[in-house]
Amino acid sequence: MGTPEFAVPSLEILIQKKFNVIAVITAPDKPQGRGQKLTASPVKECALRHNIPVLQPTNLKSPEFLEELKNYQANLQVVVAFRMLPEVVWAMPALGTFNLHASLLPQYRGAAPINWAIINGERETGVTTFFLTHEIDTGKVIFQEKEAIHEDDDAGKLYERLMYKGAGLVLKTVKAIEAGNVPSQAQNESSTLKHAPKIFKETCEINWNRPSEQIGNFVRGLSPYPAAWTTLNNTIFKIFQVQSAVGNRQSSVNSGEYQTDNKTFLQVKTQDGWISILEFQPEGKKKMSVEEYFRGNKI
């Protein structure tokens, strides 16, 4: 069970290793692009390439879907980047249902663990497999693997590494379950938990009244998607890459005010210094470097 690109390597590795994947459950096709053409999820495309039956329920509790799922007689269900399952679904297989989560649980439970780990300035994250239970992301941990977060990582780079590391962990978990040798340990609820709630457009607005380092992490954690944004001269700009800068030291400059030569640099005042914007996307235009923008525009 999965939908985005993140789930594809996990499906591919199980097929390559000759596990009997009898069906794939994914989200219904969605209209995309200017023509709003119905588009299959990456997981559906992968399943069709391998001639695996695909189920796309809109309602996970509908009697028709539950009957169809039961008829497959799966003894194990694997969930990677899918929606919340009702108990009637996750409790169906004899060997249970496990999920791959892109953090070191219990830290960063929720919909956006990769983004929040970078936004919060973490130096390390990882992937976890765990058995599903009633409360989201709280089941018994099977395996975990750590992954360093580098200073130049953005959410896109870390997503890519965790996607493949996660696929390896899914394979290791399925093999352990097959062998009847499954470690499972309750999550440590006593630690101070950091959460990873779903990110909305308003979450992504840059607050220039914060320290430069925090703003840098915020931009990295939302790049390339959904992207941090700010408003300059009544135009919304998505911001993809920034770096700390030495601006002029006028004490009268307020956070959020900017300076530019309209040729090579654009710097914005933060709580404790200046940040250079290196790559952005003005509303209605493509992503570009600041220098490219200034060849035909001014701020």
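The largest pocket has a volume of about 1,700 Å³. Before we dig in: this is a predicted model, where local features need pLDDT of at least 70, side-chain atom pairs count only at pLDDT 80 or more, and totals for chains, interfaces and linings use all residues. Residues are numbered from 1 along each chain as its sequence is written, and side-chain values use heavy atoms, with hydrogens and water left out.

**Exercise 1. Work out what lines the largest pocket.**

Step 1: On a 1 Å grid over the protein atoms alone, a pocket is an open set of points with protein on both sides within 12 Å along at least five of seven lines, and lining residues have an atom within 4 Å of a point. Grid points are joined across faces, edges and corners, and the volume is the space filled by probe spheres set on the points.

Step 2: find the middle. There are 44 lining residues, and Pro4, Ala81, Phe82, Ala111 and Ala112 are the closest to the centre.

Step 3: look at the elements. Two or more lining residues come from each of β2 (30–32), β6, α5 (113–119) and α6 (155–178). Helices (H or I, at least four residues) and strands (E, at least two) are DSSP runs, numbered from the N terminus.

Step 4: The lining splits into 27 nonpolar, 12 polar and 5 charged residues. Here Ala, Val, Leu, Ile, Met, Phe, Trp, Tyr, Cys and Pro count as nonpolar, Asp, Glu, Lys and Arg as charged, and the others, Gly among them, as polar.

**Exercise 2. Trace the open sheet of 4 strands.**

Step 1: read off the order, which is β5-β6-β7-β8 with mixed pairing; strands pair if DSSP finds at least two bridges between them.

Step 2: spot the edges. β5 (77–80) and β8 (141–148) each pair on one side only.

Step 3: zoom in on one pairing. β5 and β6 (residues 97–101) run parallel and are joined by 4 bridges. Gln77 sits opposite Thr97 in β6.

**Exercise 3. Describe the aromatic pair of Phe280 and Tyr293.**

Step 1: count. The structure has 5 aromatic pairs, meaning Phe, Tyr or Trp rings (the six-membered one for Trp) with centres within 6.5 Å; planes under 30 degrees apart are stacked, over 60 edge-to-face and the rest tilted.

Step 2: check the geometry. Phe280 and Tyr293 are edge-to-face, 5.2 Å centre to centre with 85° between the planes.

Step 3: Phe280 belongs to strand β13 (residues 274–282) and Tyr293 to helix α8 (residues 290–294), 13 residues apart.

Step 4: check burial. Both Phe280 and Tyr293 are buried (under 20% relative accessible area; exposed is over 50%, partly exposed in between, using a 1.4 Å probe and protein chains only).

Step 5: widen the view. Ring pairs tie Phe237, Phe280, Tyr293 and Phe294 into a cluster.

Key
1 Å grid on protein atoms, 1.4 Å probe; cavity = no way out; pocket = protein on both sides within 12 Å on 5 of 7 lines; lining within 4 Å.
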